[in-house]
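This report looks at one residue and then at the protein around it. Please have the sequence and the 3D view at hand.

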Amino acid sequence: EATYVRHHKKKIAFVFAAMRAFAAKLRADGVTVRYIKLDDPGNTNALKGEILRAIDELRVDEVVMTEAGEHRLAAETATWESAFGIPVEIREDARFICSHAAFRTWAQGRKQLRMEYFYRQMRVDTGFLMDGNKPAGDRWNFDTENRKPAKGDLFMPRPPRFAPDAETQSVLDLVEARFGDHFGDLTPFWFGVTHDAAEQALQHFLKVALPHFGDYQDAMLAGEPFLYHSIISMYLNVGLLDARDICARAQRQYREGRAPLNAVEGFIR
């Protein structure tokens, strides 16, 4: 999974460190966890191989899993029930606001699948930034107001940085040893790898950067990699934050007068 394409070293380290931190939290909560580290003896270095090994060693009679988030792996997992010879239940990923069925219903019969129209339907379905049957501010999209150029004297908030703990440092060492020829720099590594850290990053964005996110959403400025962006996509992608919760909290910033509509609408969109 780390080499089918040559992922950035920081991405590999972040995913592994977040996995280990989550496993530790589950154990602390009393959940039995079978966790195979990359360099563990006997690791088959494949998801299918590790499930087969668990089936054999634990005498498993059923596998329950969340659907894969990419087509390549989803196609592979669809064959696992016949390969394993036991039931494999693949459940829909509840982290997505829109289900497969809801998207198929929306897309049916359309000649064009245009993001703007899908976005409007999602606003209606979720109620985000809706005043009754109308969009807040009587407009669906405030993108024309989100194109201000950034100037060098702007105050630029910095996303929170988190020092690697011992387990994360061991992951960094492992990634450097095993994937040192991949592109990108491994350090400095300052991402959080837990829900609590991701929550801190989200709270910082909502309080400090969201009010100006809309104005400078499309801006670029040399030497400023972040401007007023949230820097939370990696936390969303691995499940440390929830998209519906984020949208609800961003909406609250608008409803309670702490962020303008163009900023919150642009961020939710």
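I90 is partly exposed, with a relative accessible area of 38%; buried means under 20%, exposed over 50%, and partly exposed in between, found with a 1.4 Å probe on protein chains only. This is a predicted model, in which local features need pLDDT of at least 70, side-chain atom pairs count only at pLDDT 80 or more, and totals for chains, interfaces and linings use all residues. Residues are numbered from 1 along each chain as its sequence is written, and side-chain values use heavy atoms, with hydrogens and water left out.

I90 sits in strand β2, residues 88-91 (strands are DSSP runs of E, at least two residues, and helices runs of H or I, at least four, numbered from the N terminus). Leaving aside residues up to four places away in sequence, I90 touches M65, T66, E67, T77 and A78, where contact means heavy atoms within 4.5 Å. M115 lies 25 residues from I90 along the chain, and their C-alpha atoms are separated by 28 Å.

The table turns to the protein as a whole.

| Property | Value |
|---|---|
| Secondary structure | eleven helices and four strands |
| C-alpha box along the principal axes | roughly 60 × 45 × 35 Å |
| Buried share of the 269 residues | 38% |

Among contacts between residues at least 6 apart in sequence, 70% join residues at least 24 apart.
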